[in-house]
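Good morning, and thank you for coming.

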Amino acid sequence: MRARDSDWEGVRLHVVTGKGGTGKTTVAAALALALAHDGRKVLLIEVEGRQGLARLFDCPPLPYAERKVGIGPGEEGRAGGDLYALAVDPEGALLDYLEMFYGIRHAGQALTRLGLVDFATTIAPGLSDVLRTGKATEATRRKAGGREVYDAVVMDAPPTGRIGKFLNVATEVSGLARVGPIHGHAETVESVIRSPQTAVHFVTVLEEMPVQETLDGIAELRGLAQGGLQLGGIMINMVRPVELTDDQLDAAAHGALDEHELDLGLKAAGLEDSLGLAASLAAELSEHAREALAQRSQRHRLDGTGQPRYELPLITDQMDLGGLYRLAAALRDQGAA
């Protein structure tokens, strides 16, 4: 029996998307760490070939092989679980596919040497997506000794602008094969992606363009949801704390702060040239207040989606494993994992 439930009980494949620059890969890694608690085994998959996970976990570039990269957070006397990572590329996924269904991996390697794999995935980009999503769904379904090998799989997916096409596997391959093994493989992939075992999470920051892209992505996937696609949570990254009250925010945003009061406070703290500092502080506070109010407006727009929302703090230092654990703890505390 688990210590506590999360918002996503029953979900085993977590697809993470987001606009470029929102920290999508970082949040995917933090979610995977958060899920790797209480002895659970989690696989984190990268599909864009950027080796962003290797940089985050400070390890050599990931090969097309499942490698242990970390240990999940322990809690209440229980050990953390194991976190594995994998960088998926179409070539490796195709070789896996040929070995799994036909037992002809060596023939696939010959095709690779001839450049036919690159040729096939270039003229049929939908095939590349099927191969990459197929690896994630295979890991989700894989069993050994009668139980699942991984308790959860997290996929660092393409950006929001491409996520609908990436996940709409059946449509993407319909022009390639209406029958046969490729079509059958696509249907198997689709059956996992459009099941309650899968949820698609969106990463954003509280700025107009990323929020708009998130809203557009949610609207697009809702159009696909009639086929069973499950929308996940909205993970708001890089949130700055707001220390001012609503009245103070309003006054600062309108440039109506009492500089004399600020001056007295600075003098009480023993700061020299407090009058000049008070004016500079008032200007800083005004900028901070306008930014905070703009972010509040963007947060209200996201509220309108009705999806669960999770907020992750801004890590001011360079992101490292310690920062990932902080984000993972925030996700656990809010029920995302």
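How much space lies in the largest cavity? Before I answer, please note that the model on the screen is a predicted one. The space in the largest cavity comes to about 30 Å³. As for the count, one cavity of 30 Å³ or more is found.

Let us consider the lining. The residues that line the largest cavity are R240, V242, H288, E291, A292 and Q295. Sorted by class, two residues of this lining are nonpolar, two are polar and two are charged.

I turn next to a histidine in a strand. H201 belongs to strand β8, which covers residues 198-204. Is H201 buried or exposed? H201 counts as buried because its relative accessibility is 0%, and the cut-off for buried is under 20%.

Which residues does H201 touch? Leaving aside residues up to four places away in sequence, H201 touches W8, H14, V15, V16, T17, L31, G232, G233 and M235. With one of these, H14, there is also a polar contact: the side chains of H201 and H14 meet at 3.0 Å.

Finally, I come to helix α12, which spans residues 259-268. What caps the N-terminal end of this helix? The cap is D258, which places a side-chain oxygen 3.0 Å from the backbone nitrogen of H260. Following α12 comes G270, a residue with a positive phi, near 80 degrees.

Thank you for your attention.

Definitions and conventions: Residues are numbered from 1 along each chain as its sequence is written. This is a predicted model: local features need pLDDT of at least 70, side-chain atom pairs count only at pLDDT 80 or more; totals for chains, interfaces and linings use all residues. Side-chain values use heavy atoms; hydrogens and water are left out. On a 1 Å grid over the protein atoms alone, a cavity is a set of points where a 1.4 Å probe fits but cannot get out, and a pocket is an open set with protein on both sides within 12 Å along at least five of seven lines; lining residues have an atom within 4 Å of a point. Grid points are joined across faces, edges and corners, and a volume is the space filled by probe spheres set on the points. Ala, Val, Leu, Ile, Met, Phe, Trp, Tyr, Cys and Pro count as nonpolar, Asp, Glu, Lys and Arg as charged, and the others, Gly among them, as polar. A polar contact is a pair of N or O atoms within 3.5 Å; within protein, one must be able to donate a hydrogen and the other to accept it, and residues adjacent in sequence count only if both atoms are side-chain atoms. Helices (H or I, at least four residues) and strands (E, at least two) are DSSP runs, numbered from the N terminus. Buried means under 20% relative accessible area, exposed over 50%, partly exposed in between (1.4 Å probe, protein chains only). Contact means heavy atoms within 4.5 Å.
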